[in-house]
Amino acid sequence: MKKFLQLLSFLALCAPLSYADDLMDGINAYEKRDYGSASASFQTSCESGNAEACYNLANMYDAGLGVTKDDQKAVTLFTKACDGGFMDSCYNLGMMYDKGEGVKQDATKAVSLYTKTCESGHTRGCYNLALMFYKGQGVQKDFVKASGLFQKTCEQGYEKSCYNLGVMYRDGQGVMKSKQQALELFKKACDQNLPIACKNYEKLKSGM
C-alpha cells in the first residue's frame with residue numbers, strides 16, 4: 001500500500017516562500033477535492049525544486065486525480081522527490097519497481113529503495129524489506145533478517161508486522177518456535193483490527 005499525499009508539511013515551513021506557498025495552495029485545493037487546481041499548484045512548486053510537491057504530484061498521476069493517470073510520469077516524479085530526500089517518495093518508488101508499475105519490474109531495485117527508507121526510520125519501508133527477505137525477492141531469502149525487521153516494526157506499532165512475526169514464531173522460521181509467543185503477537189495484531197490475525201489467534205488458541 002502506497003503512502004499518499006503529505007497533508008502536513010514541515011518542508012513547507014523550511015522552504016523558500018514562493019514554492020512553499022504553491023505547495024500549501026495545492027494541499028488546500030486537494031483537501032477541497034479541487035484536484036485540477038491542486039495538481040497545477042504542485043506542478044509549479046515541483047518545478048521550483050520542492051521534493052514534497054513532486055511527491056504529491058506523483059501520487060496524483062498514480063491515482064489519476066486532476067490529471068490523466070500516468071504511471072510512467074508518476075515514476076519520474078517519485079524519482080525526483082526521492083533524489084530530493086523525501087523518504088515517502090522513495091518508499092512509493094520502491095512499490096512501483098516491486099510491482100512493475102510504470103517501470104520494468106525490478107525486485108533488486110525495490111530492495112535498494114526499501115533499504116534506503118528503512119535506514120531512515122520509515123516503518124513501512126522496513127516492513128516491505130522484511131517481506132523481500134522472507135520471500136527471497138530481489139535478495140537472498142533470510143528468515144533471521146526478516147524476523148528482525150518484523151520485530152522492529154511490530155514494536156513501532158505496525159500490526160501486519162506483528163502478525164507476520166507471529167507466523168514466524170508459530171512455524172519456527174528465523175526464530176525459536178513458540179506457540180505462546182505467536183499467540184501474543186496474533187493478539188496484538190488482532191487488537192489493532194487485523195482480521196486475519198484474529199482468525200489465527202482463535203485457531204491457535206483452540207489448539208493449545
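Which pattern do the disulfides of the protein chain follow, with bonded cysteines counted along the chain? The pattern is 1-2, 3-4, 5-6, 7-8, 9-10, where a disulfide is defined as a pair of cysteine sulfur atoms within 2.5 Å. Five disulfides are found when the whole structure is searched. The model is a predicted one, in which local features need pLDDT of at least 70 and side-chain atom pairs count only at pLDDT 80 or more, while totals for chains, interfaces and linings use all residues. Residues are numbered from 1 along each chain as its sequence is written, and side-chain values use heavy atoms, with hydrogens and water left out.

Among these disulfides is the link between C46 and C54, with an S to S distance of 2.1 Å, and this link is right-handed, with 95 degrees about the S-S bond. Burial is described here by relative accessible area, where buried means under 20%, exposed over 50%, and partly exposed in between (1.4 Å probe, protein chains only). By this definition C46 is buried, its relative accessible area being 2%, and C54 likewise counts as buried, at 1% relative accessibility.

A disulfide also joins C82 to C90, with an S to S distance of 2.1 Å; the link is right-handed, with 100 degrees about the S-S bond, and both of its cysteines are buried. In the disulfide of C190 and C198, the sulfur atoms lie 2.1 Å apart, and because the torsion about the S-S bond is about 100 degrees, this disulfide is right-handed. Here C190 is buried, with a relative accessible area of 17%, whereas C198, with a value of 23%, is partly exposed.

The cysteine C54 is also one of the buried residues of helix α4, which covers residues 51–63; helices (H or I, at least four residues) are DSSP runs, numbered from the N terminus. The expected span of a helix is 1.5 Å times one less than its number of residues, so the 13 residues of α4 should span 18 Å, and the end C-alpha atoms, which are 19 Å apart, agree with this. Because twelve of the 13 residues of α4 are buried, the helix is largely enclosed by the rest of the structure; the buried residues include A51, Y55, L57, M60 and D62.

Just after the helix, G64 takes a positive phi of about 75 degrees.

Methods
Helix = DSSP H or I, 4+ residues; strand = E, 2+ residues; numbered from the N terminus.
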